[in-house]
Amino acid sequence: MELTNVFALRSSCRSYTDQQLSEEELTTVLNAGLQTPAAMGRFDKLRFVVVQDEGVLEALNSSFAAATGNEAAYPTYHAPTVIFVACDSSDNLALQGANAACAVEHMALAATDQGLGSVYLFGICNVLQGSAQAAALLQLPVGFQIVSALAVGHPTAPAQPREPDPAKIVVTRI
């Protein structure tokens, strides 16, 4: 697919089929994440954790629901795969966010290119960031914390292309 078409089709998908990603689809998404830039070239400050185990996803969603008091919440949208991006907690917070955002967007674009749906997950990461249970479930090394995540799966409906809307974001040319 042409890059401009990927941009036009990239959107947040919150409804997935039960079909798990193929190994080829997952590898393509992960490889895009592995090609992300990292601030000051410090790739050792990043970790990806791929969760496809339904029990682990259920436990993370339940922890979120309990922490927020919203028992109906399911912040991973029943996606069959969630890729968490963890960063070294000693790193600058702005760099953690920038590194994670770049990696997630690379993976989201690769998912779109394959006809997969994805959605950037910030809420679950924000709520569970300091959770020892979440860190254990995600097998995070000591000193790492979840910063962001990407839910990925086969969408229940295909993405529809969008036209750029210059009214959405103010652009100042100097």
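User: Why is aspartate 91 called buried?

Analyst: Buried means under 20% relative accessible area, exposed over 50%, partly exposed in between (1.4 Å probe, protein chains only). Aspartate 91 has 8% relative accessibility, so it counts as buried. This is a predicted model: local features need pLDDT of at least 70, side-chain atom pairs count only at pLDDT 80 or more, and totals for chains, interfaces and linings use all residues. Residues are numbered from 1 along each chain as its sequence is written, and side-chain values use heavy atoms, with hydrogens and water left out.

User: What makes arginine 42 and aspartate 91 a salt bridge?

Analyst: A salt bridge is a side-chain nitrogen of Lys or Arg within 4 Å of a carboxyl oxygen of Asp or Glu. Here the closest N and O atoms are 2.7 Å apart, and arginine 42 and aspartate 91 form a salt bridge. The pair links distant parts of the chain, 49 residues apart. Arginine 42 sits in the loop between α2 and β1, aspartate 91 in the loop between β2 and α4. Helices (H or I, at least four residues) and strands (E, at least two) are DSSP runs, numbered from the N terminus.

User: Why is arginine 42 called partly exposed?

Analyst: Its relative accessible area is 26%, so arginine 42 is partly exposed.

User: How many salt bridges does the structure hold?

Analyst: Three. Another one joins the side chains of lysine 45 and aspartate 88, at 3.4 Å from N to O. Lysine 45 is in the loop between α2 and β1 and aspartate 88 in strand β2, so this pair ties together parts 43 residues apart in sequence. Lysine 45 is buried at 16% relative accessibility, and aspartate 88 is buried at 15%.

User: What makes arginine 10 and glutamate 105 a salt bridge?

Analyst: Their closest N and O atoms are 3.8 Å apart, and the pair forms a salt bridge. It links distant parts of the chain, 95 residues apart: arginine 10 in the loop between α1 (3–9) and α2 (23–34), glutamate 105 in helix α4 (residues 93–113). Arginine 10 is buried at 11% relative accessible area, whereas glutamate 105 is partly exposed at 31%.

User: How do you know that the span of helix α3 is close to the expected one?

Analyst: The expected span of a helix is 1.5 Å times one less than its number of residues. Helix α3 (residues 54–68) has 15 residues and reaches 21 Å from first C-alpha to last, close to the expected 21 Å.

User: Which residues of α3 are buried?

Analyst: Val56, Leu57, Leu60, Asn61, Ser63, Phe64 and Ala65.
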